Amino acid sequence: MANDNQGTGKLVVIGGGAAGFFCAVNAARLHPGLEVTVLEKTGKLLSKVKVSGGGRCNVTHHLHSIAEMTKRYPRGERFLKKAFTRFFVPDTIEWYAARGVELKVEDDGRMFPVTDNSQTIIDCLLREADRYRVHVRTHADVISLERTGAEWTVHLASGPPLKARYVCVAAGGFAQAQKFGWLTALGHTIEEPAPSLFTFNMPQNPVTELMGVSVPQAQVKIAGSKLQESGPLLITHWGMSGPVILRLSAWGARYLQEQQYTFTLLVNWLPAYNENSLREAWAQWRLDMGGQAVWTKNPFGLPQRLWHFLLQQAGIHENARWSELPAKEQNKLIRSLTAMEFPVKGKTTFKEEFVTCGGIKLSEIDPQTMQSRIAPGLYFAGEVMDVDGITGGFNFQHAWTSGWIAAQLEGGEV
């Protein structure tokens, strides 16, 4: 392969995140003589890797079934079923292990480096880039791509343009559709972006006084919709968070955007029950704990602060005994335990792990090669495509998979 100034033997990767780096280092390793350049518009490389999983980097998820794994992606399930046949969880584990990075599995299936430090992953990728002489440029903002014959010209906001035979776009998600203008100019279609993975704001709601209280298993539902999830819930000083809320926000990303983030959240603090089954079981508790104070005897294992809050909301007096609960207050408590209503107004980004749904329409990308079906020699990797997962390492697995596949540069003469 000729490696001349006209860009015949060059690959330009746009985006210095997980997908971009994975594409760049694998392409440089697989195609000796290929000159690989990574362009990052900010001054920071691998910034999401750094903050992911509380600074530990949730590399992937320990699911070895492609059919099960793809169910964790609100958008992109069918596309990923094909892509994951080429590079999947075991391949990710093996790739990092071969470079001295061992991953461990936590009880919930999330996988982290054994060091519990995201810097381990960053250092590994930077070492690979160094080893295979990948050029990395920061503060390099791409404003347009132009194709002439078999060659790409990459125009930057400042400095001379770059020539390349191949371009891989791994620029991440954009919050506004117009930010994709440089890609629609090539004939690509954008699925409207919407935020995903966010927490719910409940301004002035008394529940926020319980900030810090967490419930290991709660069921949450958006009133008037079919959107429902179960899992750990965390009460914050602005509203509600935790894995169950983040998952609900991912599945409901488009619907909640349409609602302008104003809706009613129904929380079942006891997912083993619904209102009717709890009412049926209640008579036995009244019998068993008749003489005991309701405030001190909580048979559900709920955090004490939450239990007291629920009793307060139901208007139950501090001295009330189980056998003396008035029907009205008891019914209110049963309702609060199984379907408590919380008005939500607004959202808050979850730490720095912001994810958008939307991006390049998947029918315009070949999942077996990640090459554009519209512009030969143009590849995609990561969140710039209309693929997004719930929390738990799923978005990173998509980044590694799409980056690795794009790095093969199939469909083009290498």
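How many of the six residues of strand 19 (residues 355-360) are buried? Six of its six residues are buried, so strand 19 counts as mostly covered, where buried means under 20% relative accessible area, exposed over 50% and partly exposed in between, with a 1.4 Å probe and protein chains only. This is a predicted model, in which local features need pLDDT of at least 70 and side-chain atom pairs count only at pLDDT 80 or more, while totals for chains, interfaces and linings use all residues. Residues are numbered from 1 along each chain as its sequence is written, and side-chain values use heavy atoms, with hydrogens and water left out.

**Terms for strands and helices**

- Helices (H or I, at least four residues) and strands (E, at least two) are DSSP runs, numbered from the N terminus.
- Two strands pair if DSSP finds at least two bridges between them.

**Strands 11 and 19**

- Strand 11 (residues 190-196) pairs with strand 19 in the antiparallel sense, over five bridges.
- In this pairing, Ile 190 stands opposite Ile 360 of strand 19.

- Strand 2 (residues 35-39) is mostly covered, with four of its five residues buried.
- Strand 1 (residues 10-14) pairs with strand 2 in the parallel sense over five bridges, and Val 13 stands opposite Val 38 in strand 2.
- From strand 1 the chain crosses through helix 1 (residues 18-30) to strand 2 in a right-handed β-α-β crossover; right-handed means that, with the strands pointing away from the viewer, the path from the first strand over the helix to the second runs clockwise.
- Strand 2 is also joined to strand 6 (residues 135-137) by three bridges, and these two strands run parallel.
- Val 38 stands opposite Val 136 in strand 6.

- Three strands in the order 7-8-9 form an open sheet with antiparallel pairing.
- Its edge strands are strand 7 (142-148) and strand 9 (162-164), each of which pairs on one side only.
- Neighbouring strands of this sheet are turned by 25° against each other on average, direction ignored; the axes are lines fitted to C-alpha atoms, for helices over the stretch in contact, and angles run from 0 to 180 degrees between N-to-C directions.
- Strand 8 (residues 151-156) and strand 9 pair in the antiparallel sense over three bridges, and Val 154 has Leu 162 in strand 9 as its bridge partner.

- Six bridges join strand 16 (residues 262-268) to strand 17, and the two run antiparallel; Phe 263 stands opposite Val 344 in strand 17.

**Residues with a positive phi**

- Most residues other than glycine have a negative phi.
- Leu 197, which is not a glycine, has a positive phi of about 60°.
- Leu 197 is found in the loop between strand 11 and strand 12 (198-201), and counts as buried because its relative accessibility is 4%.
- Gln 204 is another residue other than glycine with a positive phi, near 60°.
- Gln 204 lies in the loop between strand 12 and strand 13 (214-222), and counts as exposed because its relative accessibility is 77%.
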